[in-house]
Amino acid sequence: MLDLAGDILNWAAAGVFFPLLFLPLGLLISDKRPSLFWAAFTALIVCAGLLFVRLTPVLALTPSPAKMMWFAGLFAATVTAAAVIGLKKTSWYLSGAFEVIAKSIGRGVMWLLLAMAVIQFSVVILRYVFGLNYIFMQESITYMHGAVFLLAGGYALLTDDHVRVDIFYREATPKRKALVDLLGTYLLLTPVCLLLIWTASPYVARSWAVGEGSNESSGIQALFIIKSFIPAFAVLMMMAGFVIAARAVATLKERG
């Protein structure tokens with residue numbers, strides 16, 4: 001059942017979420033027929049990606065005809081729906097939705113910082129004053145730290161609160177900054193996130209399959225949950241990247 005659910009999620013993401021990531025590029029490439037260029041460009045990337053993983057021994061993949069049919073159907077439905085609604089309107093809706101999701105999750109997990117401080121203080125008092133030691137309390141700090149680090153990444157990227165090391169970006173014009181943001185999103189951020197999802201999916205699936213928990217009997221028996229934050233991090237980062245790319249395209253298309 002877990003394998004089936006994983007396949008459904010993976011191929012749904014590949015057929016729906018992946019093409020939508022490149023909507024801003026479709027708007028940038030052509031003003032007359034953005035849907036056609038976007039669909040052709042995305043299909044080209046998909047074909048190149050499948051050829052790459054087929055020829056790479058470590059990532060060797062031979063999808064079954066049924067899965068490829070599912071992917072092709074989802075891809076065609078996504079392209080058709082976006083074309084009917086309009087690429088500009090679809091991009092605007094998705095940008096707003098992705099921004100709300102990433103920021104809401106980021107703000108939510110920030111409260112875990114307060115919980116971490118309170119629990120850490122309690123652990124110290126219980127251990128050195130009362131001589132009590134609770135493994136689940138100590139492990140909960142690790143869980144919360146992982147959640148904050150991974151689930152707030154998209155929020156930090158959107159609000160520009162991440163660590164940025166640059167020489168030329170700070171003094172660049174708005175259009176040059178937009179170009180750097182656009183190239184960085186599609187040449188660096190998106191490929192790394194896709195690779196992270198690709199490599200982490202089997203790792204997370206195995207953890208869910210066995211109900212992996214703590215090595216300590218009194219620890220938290222839900223290690224599979226914290227491992228699930230890894231692909232969630234990649235998805236949230238791509239959502240943030242989509243928002244940044246949409247803003248960059250809007251800036252680059254401005255006159256003057």
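In helix 8, a series of residues is buried, meaning under 20% relative accessible area, with exposed over 50% and partly exposed in between, for a 1.4 Å probe and protein chains only. Among them are Ala178, Leu182, Thr185, Tyr186, Leu189 and Cys193. Helices here are DSSP runs of H or I with at least four residues, numbered from the N terminus. This is a predicted model, in which local features need pLDDT of at least 70, side-chain atom pairs count only at pLDDT 80 or more, and totals for chains, interfaces and linings use all residues. Residues are numbered from 1 along each chain as its sequence is written, and side-chain values use heavy atoms, leaving out hydrogens and water.

Helix 8 covers residues 174–210, which is 37 residues. From first C-alpha to last it reaches 50 Å, close to the 54 Å expected. The expected span is 1.5 Å times one less than the number of residues. Helix 8 also has a kink of about 40 degrees, centred on Thr185. A bend at a residue is the angle between axes fitted to the seven residues ending there and the seven starting there. Thr185 is itself one of the buried residues. After the helix comes Gly211, with a positive phi near 60 degrees.

Leu195 also sits in helix 8. Leu195 is partly exposed, at 46% relative accessible area. Its C-alpha lies 9.1 Å from that of Ala234, 39 residues apart along the chain.

Now to helix 9, residues 223–252. Its 30 residues reach 44 Å from first C-alpha to last, close to the 44 Å expected. Helix 9 bends by about 30 degrees at Pro231. It is mostly covered, with 21 of its 30 residues buried.

Technical notes:
Helix = DSSP H or I, 4+ residues; strand = E, 2+ residues; numbered from the N terminus.
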